[in-house]
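Please keep the sequence and the model at hand while reading.

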Amino acid sequence: MDMPLPDPSILSRKARILDRLRAILPHDAVIDAPAETRAYDCDALTAYRCQPLAAVLPRTTAEVSAVLRLCHKEGVPVVPRGSGTSLAGGALPTADCVVLGVARMNGVLETDYANRFIRVQAGRTNLSVTGAVEADGFFYAPDPSSQLACAIGGNIAMNSGGAHCLKYGVTTNNLLGVTIVLMDGSVLQIGGAHLDPGGLDLLGVICGSEGQLGVVTEATLRILPKPEGARPVLIGFSSNEVAGTCVSDIIKAGVLPVAIEFMDRPCIRACEAFAKAGYPDCEALLIVEVEGSDAEIDEQLALIRAIALRHDPVEFRESRSEEESKRIWLGRKSAFGAMGQINDYICLDGTIPVSALPHVLRRIGEMSRSYGLDVANVFHAGDGNMHPLILFDANKPGDLALCEALGADILKLCVEVGGCLTGEHGVGVEKRDLMPVQFTPDDMEAQMRVKDVFDPQWLLNPAKVFPLDVTSARRGA
């Protein structure tokens with residue numbers, strides 16, 4: 001049977017758009033060969049793929065502005081992309097879109113230690129921000145697990161956190177200003193090199209907006225002096241629920257660790273096999289890190305030890321050297337890679353009150369058995385940002401759908417106990433149809449009116465965040 005020929009009008013439109021993109025960008029900044037656009041057909045949520053019309057890799061704010069102005073005039077959707085590490089399909093293309101990647105925009109533009117800020121381009125990787133200032137005794141606090149690869153632009157889009165956000169906050173707490181380009185090519189400066197600018201909190205609107213409002217090209221970030229010292233402890237428990245109760249008790253006691261990380265038995269075993277960090281054989285494990293002077297560290301750890309001992313831990317191991325600290329963190333930092341060697345998995349992202357941890361962990365275990373799919377838990381326990389990993393077989397028919405159904409039930413549980421659908425991964429395509437679980441129609445209408453102001457034609461990052469039926473109605477309005 002002969003395949004139908006492509007619509008000549010579509011081919012003509014594509015050729016025209018590509019010609020115009022090449023007229024405003026360097027020759028190597030426009031990618032349209034199918035073999036090359038395949039690299040942009042998904043992000044870290046690899047269950048869904050779609051090759052875009054083209055991908056562009058600008059190097060300056062002016063080039064981003066020119067691309068958006070052209071696409072706005074032509075009515076071409078644009079999907080902003082950092083490093084493609086989104087776990088919620090936040091950078092998933094559509095077939096008629098242009099992917100706008102900021103990977104080549106990775107420079108440091110300004111560093112000011114007296115006022116404690118650094119200004120970087122949006123494609124700068126998270127870890128390399130600290131790399132630019134650590135020799136002078138400073139660091140950038142947000143530290144997502146993907147910090148080696150993830151871009152600051154993507155961190156801003158999803159309001160990313162990380163292991164140390166319990167003390168230092170997530171991206172929005174460390175973001176001072178941005179340069180953002182709107183869909184019509186307009187360039188705006190929002191915020192600056194200082195905290196809490198006057199007027200409307202537009203910076204708060206931009207951070208976490210998932211590329212729905214504009215493309216961030218530069219960011220001014222808060223940097224902090226390195227702490228005098230830091231020391232982690234590793235605590236093993238006989239059950240998830242007991243570990244969850246210990247976390248709640250630590251928070252209630254008024255201690256503010258820099259991080260409290262949780263791992264359950266499936267994750268512990270995988271990480272130990274992968275990284276050989278010397279973790280104990282137990283049902284659940286906490287890594288609790290505190291920082292300050294030696295006296296401050298000793299005082300905080302004494303209180304944490306007293307709290308932990310009330311829960312009869314299997315093991316309480318306090319680091320006594322830099323090498324021991326690295327080994328305690330080694331498995332946790334390797335968790336996602338370690339799990340990937342065992343099974344296909346989907347990594348969820350829901351947030352709950354810390355006091356609800358024991359109940360939620362118990363219910364996840366019950367749901368796992370009911371669905372017949374294993375769930376491994378590894379997450380930022382201190383602020384209740386959970387990351388259950390649902391293991392499935394991508395080659396087994398029906399397993400992906402079953403996995404997504406279990407994931408939806410877990411996220412609904414997070415909302416039921418007073419939490420929310422996402423902590424740092426965003427909504428993307430993964431959770432868009434769950435938005436009505438957390439938000440009323442009036443809530444979503446208010447959010448969509450904000451998008452109407454910034455992107456009236458709804459061309460930026462299409463088919464994300466809002467349910468498809470709502471989005472379709474909005475674009476047709």
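## Contacts along the chain

Two residues are said to be in contact when they have heavy atoms within 4.5 Å. In this predicted model, 71% of the contacts in the chain with a separation of 6 or more are accounted for by residues 24 or more positions apart.

## Overall dimensions and make-up

The chain has 23 Å as its radius of gyration, which agrees with the value near 23 Å that a compact globule would have with 477 residues. Taken along the principal axes, the box filled by the C-alpha atoms is roughly 70 × 60 × 45 Å. Within the chain there are 17 helices and 20 strands.

## Burial, surface and charge

Of the 477 residues in the chain, 55% are buried, while the accessible surface comes to about 19900 Å², with 53% of that surface belonging to carbon and sulfur atoms. The chain carries 43 positive and 60 negative side chains, and the centres of these two sets lie 3 Å apart.

## Strand β10 and its partners

Strand β10, which spans residues 215-222, is mostly covered, as seven of its eight residues are buried. Strand β6 (residues 117-121) is joined to β10 by five bridges, and the two run antiparallel; in β10, leucine 221 stands opposite isoleucine 118.

Strand β8 (residues 175-181) also runs antiparallel to β10, to which six bridges join it. Here valine 178 stands opposite alanine 219 in β10.

Note on methods. Residues numbered from 1 in each chain as written. Predicted model: local features only at pLDDT ≥ 70, side-chain atom pairs only at ≥ 80, totals over all residues. Heavy atoms only, no water. Helix = DSSP H or I, 4+ residues; strand = E, 2+ residues; numbered from the N terminus. Rg over C-alpha atoms; globule rule 2.2 N^0.38 Å. Buried < 20%, exposed > 50% of the residue type's maximum accessible area, 1.4 Å probe, protein only. Areas by Shrake-Rupley, 256 points an atom, 1.4 Å probe, with all protein chains shown as cover. Lys, Arg positive; Asp, Glu negative; His and termini not counted. Charge placed at Lys NZ, Arg CZ, Asp CG, Glu CD. Pairing = 2+ DSSP bridges.
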